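Please look through the model below.

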Amino acid sequence: MASIDDFIPEFDVRERFERRVKAPPEVVMQTAYDFDMQSIWLIRTIINTRKFLLGGTQDKRNSMGLVEETRKLGWGTLVEEPGRLLICGAVCQPWFGDVKFTAISPEDFAAYNEPDQVKIAWTLETIETEPNVTLFAHEVRAAATDDEARRKFKSYWRWARFGIIAIRLLLLPTIQKKAESMDDDREDWERAWSSAPHRRLLDISKYDFAGRFKLDLGDVVAVTVTIAPFEYADKLYIEDDICPICGATTVASDRTRVSVNPVFTKIPNLAFGSWAHSSCLENCLIVNDPPQLLGNTFRVQTTAKGS
Ligand SMILES: [Zn+2]
């Protein structure tokens, strides 16, 4: 498995921070990627003070995610395993106010030894320690390429370390709080949908379910509909007014928002939002097993098209 050891096995400084977060690894990683570091005023102050002390330019910036921002600053990606591990690296001369980061390819990073430079690599790591609990880690390592760089870097590091550690100590709890509340939303969402009334269509010939997706899905073998929970009904993306149960329009009728879940021979779990006649719903078979599809397909679809 890839690790920061592959890139900076021997280092002049190393900082590692870990935190347990009650959310799945993908949620934690996504939160970390999207995190706008400068949205915390204390971090903003530290960054601007640092620049002020070192004589760099104070720049105005737009809000952006952590990973996007560091990439813009010149950091290269050494390893990226989605939801699991990100290792970024660059070389720089951090004793200058306007630090210029230069990316080095993953193949050349470990061997890179141009004089008077400092190689820095940092990670975002997630390990699922138990279901829905993630150990989130962030590690930074730096190694100077020669003694002269090491001397300058060490005297810089003595006081820079304070600011850098302050940033990390603020960053991790904030990511934790965000990831955990995102996960609560997801749990609420799943709870609401899985207890929503759920019915099976007796006749699936009145509507072109395969045509709806414009994909080769095989034949439709069964269709269920789930009545949208009240609190999520507004968020459901609905493309047209056709009732999937009878194939007629629902305009000016007593109608209900539903999630339609067709099962195709090639793909069992797809869904789309729709209106259905309340009377047509009455004629469907009530099924007691929870809705088949409450997975990501549905969420992606509604968030991508909706809002
Ligand atoms: Zn109908």
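What follows goes from the whole chain to single residues.

This is a predicted model, in which local features need pLDDT of at least 70, side-chain atom pairs count only at pLDDT 80 or more, and totals for chains, interfaces and linings use all residues. Residues are numbered from 1 along each chain as its sequence is written.

The pLDDT, the predictor's confidence in each residue from 0 to 100, has a mean of 82 over the protein chain, with 84% of the residues at 70 or more. Helices (DSSP runs of H or I, at least four residues) and strands (runs of E, at least two) are numbered from the N terminus. Helix 4 (residues 106–109) has the highest confidence, at a mean of 96, and helix 9 (residues 296–305) the lowest, at 32. Over residues 293–307 pLDDT stays under 50. Where pLDDT is low, the predicted coordinates should not be read in detail.

The protein chain has nine helices and ten strands. Two residues are in contact if their C-beta atoms, placed from the backbone, lie within 7 Å. Among contacts between residues at least 6 apart in sequence, 76% join residues at least 24 apart.

A residue is buried if 20 or more other C-beta atoms, placed from the backbone, lie within 10 Å of its own, exposed if 12 or fewer, and partly exposed in between. Of the 307 residues, 28% count as buried.

Asp 116, in the loop between helix 4 and strand 4 (118–130), is not a glycine, yet has a positive phi of about 60°. Asp 116 is partly exposed, with 14 other C-beta atoms within 10 Å. Ala 252 also is not a glycine and has a positive phi of about 60°; the loop that holds Ala 252 runs between helix 7 (230–233) and strand 8 (255–264). Ala 252 counts as exposed because it has 7 C-beta neighbours inside 10 Å.
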